[in-house]
Amino acid sequence: MSEAFLPFSRPDINQDAIDEVVACLSSGWITTGPRVAQFTADLQAYLQCQHVLPLSSATAGLHLALLAMNLLPGDEVITTPLTFAATLNVIVLAGAKPVLVDIDSATRNMDPNLLEDAITDRTRVIMPVHFAGLPIDMDAIYEIANRHSLRVLEDAAHAIGTEYRGRKLGSFGDTQVFSFHPNKNMTTGEGGCVTTRDEKLAKTISLLRFHGMDREAWNRFGKTGSQDYEIIMPGFKYNMMDIQAALGIHQLKALDNFIERRTELANRYQEVLADWEEWELPIEPHYAHRHAWHLYVPLLQTDLVGMTRDVFMQRMKEKNIGTGLHYRAVHLYPYYREQFGFNPGDFPKAESVCERIVSLPLFPLMTDAEQDRVIDVMFSILR
Ligand SMILES: *Cc1c(COP(=O)(O)O)cnc(C)c1O
């Protein structure tokens with residue numbers, strides 16, 4: 001009990017990143033400028049993508065990507081009930097209607113086999129989430145999307161560094177959004193980016209992220225730029241700052257090492273917990289992939305242990321171990337129930353997962369000894 005609180009996640013910020021932030025602060029240019037340009041180029045190289053747009057958050061990226069897809073009132077966007085509320089919120093904010101498809105219990109991703117039944121003549125976009133950093137079966141999703149002429153906006157908030165059949169998410173397909181929130185696999189404090197193969201979409205997002213101006217401030221106030229600008233459309237204030245990019249440049253360099261350490265820790269949980277009937281463990285799919293292990297999320301066998309997931313999380317906390325809840329089924333939040341008529345029982349597989357899921361501590365700085373402590377404490381609570 002005397003041991004310090006172990007959070008379920010904690011960012012790993014190295015000295016190079018701290019020095020870069022300090023250099024940025026001292027440089028006289030702290031908002032969007034040369035460091036965002038550098039970070040953009042680094043992301044283009046890492047993700048093998050020409051059009052990369054850093055923004056103030058992934059939520060901003062999802063919002064702008066949907067707006068740039070020009071949805072009309074009554075248009076439908078299909079997504080999963082096992083996601084963060086932002087995924088559904090932006091659909092509503094873009095003026096469309098969220099339509100949900102239940103998950104595959106094994107991968108916890110939206111079940112491609114159920115997708116086609118949800119498509120109507122108002123469907124415009126499929127918005128899969130690569131849950132926990134495990135890629136959804138992209139061939140299946142894109143085959144259906146292409147057959148119905150639908151766009152695909154991938155919520156890849158969990159999935160920077162994830163690969164599907166040998167290719168990085170962000171390097172192929174329609175449009176993706178990554179998050180750099182501190183709990184995610186790499187961070188810029190707050191931040192995110194859009195990747196796309198659609199040049200016109202990229203141009204629209206580039207306008208919308210900064211007031212709808214055809215020149216960004218860096219050009220306007222720089223030596224070479226002109227003070228002049230035009231407003232092409234009313235835009236938002238969703239640009240990333242250089243202070244954030246200063247962190248991002250060094251986080252991106254460390255990302256593959258982060259994922260390697262996350263993978264080691266996740267594999268260790270998988271090995272140890274394989275013998276515990278109290279847990280149902282994550283299952284990896286048959287197709288070739290690299291899991292980014294953003295989250296390690298087993299399901300507590302609540303009937304067997306005679307304890308709800310919330311009680312389990314509380315007991316862990318009393319023993320100074322933090323856990324996470326990703327997520328409560330999003331369709332059961334009051335707004336979505338009232339506005340769209342969702343009810344308990346609508347998506348039984350997602351609901352069953354959401355009642356039992358727990359995010360165990362997992363972050364690159366976590367030591368083997370800390371993981372042993374997590375396992376020992378779980379043993380004392382459950383066995
Ligand atoms: C974190 C997250 C977001 C939002 O990311 P922000 O960068 O915090 O805006 C969106 N979708 C999912 C699935 C997430 O986990």
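This is a predicted model: local features need pLDDT of at least 70, side-chain atom pairs count only at pLDDT 80 or more; totals for chains, interfaces and linings use all residues.
Student: What makes strands S1 and S9 count as a pair?

Tutor: Five bridges join S1 to strand S9 (residues 192–196), and the two run antiparallel. Strands pair if DSSP finds at least two bridges between them, so five is enough. Helices (H or I, at least four residues) and strands (E, at least two) are themselves DSSP runs, numbered from the N terminus. Across from Leu53 stands Val194 in S9.

Student: Why is strand S1 called largely enclosed?

Tutor: Buried means under 20% relative accessible area, exposed over 50%, and partly exposed in between (1.4 Å probe, protein chains only). Five of the five residues of S1 (residues 51–55) are buried, so the strand is largely enclosed by the rest of the structure. His51, Leu53 and Leu55 point one way, Val52 and Pro54 the other way, and all are buried.

Student: How do you know whether Gln48 and Arg165 are buried, partly exposed or exposed?

Tutor: Gln48 has 59% relative accessibility and therefore counts as exposed. Arg165, with a relative accessible area of 43%, is partly exposed. Gln48 lies in the loop between H2 and S1, and Arg165 in the loop between strand S6 (163–164) and strand S7 (167–168). Neither is a glycine, but phi is positive in both: about 55° for Gln48 and near 45° for Arg165.

Student: What makes a set of residues a nonpolar core, and which members of the largest one touch the most others?

Tutor: A nonpolar core is a set of buried Ala, Val, Leu, Ile, Met, Phe, Trp, Tyr and Cys residues joined through side-chain atoms within 4.5 Å. The largest has 41 residues, and Phe39, Leu43, Ile160 and Phe180 touch the most other members. Helices H2 (34–47), H5 (112–118), H6 (138–147) and H9 (242–273) each supply at least two residues of this core.

Student: Where does this core lie relative to domain 1 and domain 2, and how do you know?

Tutor: Domain 1 (15–253) and domain 2 (255–382) both give residues to it, so the core lies between them. The domain bounds come from an automatic or database domain assignment. The C-alpha centres of the two domains lie 25 Å apart. Their contact (heavy atoms within 4.5 Å) takes 42 residues from domain 1 and 39 residues from domain 2.

Student: Why is the pair of Tyr336 and Phe340 given the class it has?

Tutor: Rings of Phe, Tyr and Trp (its six-membered ring) pair if their centres lie within 6.5 Å; planes under 30 degrees apart count as stacked, over 60 as edge-to-face and the rest as tilted. The centres of Tyr336 and Phe340 are 5.9 Å apart and their planes are at 15°, so this pair is stacked. The two are four residues apart in helix H12 (residues 334–340), which means a separation of about one helical turn. Tyr336 is buried at 3%, whereas Phe340 is partly exposed at 23%.

Student: What makes the pair of Trp293 and Tyr296 tilted?

Tutor: The planes of Trp293 and Tyr296 stand at 40°, with 5.9 Å centre to centre. Trp293 is buried at 3% relative accessibility, and Tyr296 is buried at 0%.

Student: How do you know that Arg167 and Lys168 sit over rings?

Tutor: A charge sits over a ring if NZ of Lys or CZ of Arg is within 6 Å of the ring centre and within 35 degrees of the ring normal. Arg167 lies over the face of Phe172, at 4.0 Å from the ring centre. The charged end of Lys168 is over the ring of Tyr46, 4.3 Å from its centre. Both distances are within 6 Å, so the distance condition holds.

Terms used:
Residues are numbered from 1 along each chain as its sequence is written. Side-chain values use heavy atoms; hydrogens and water are left out.
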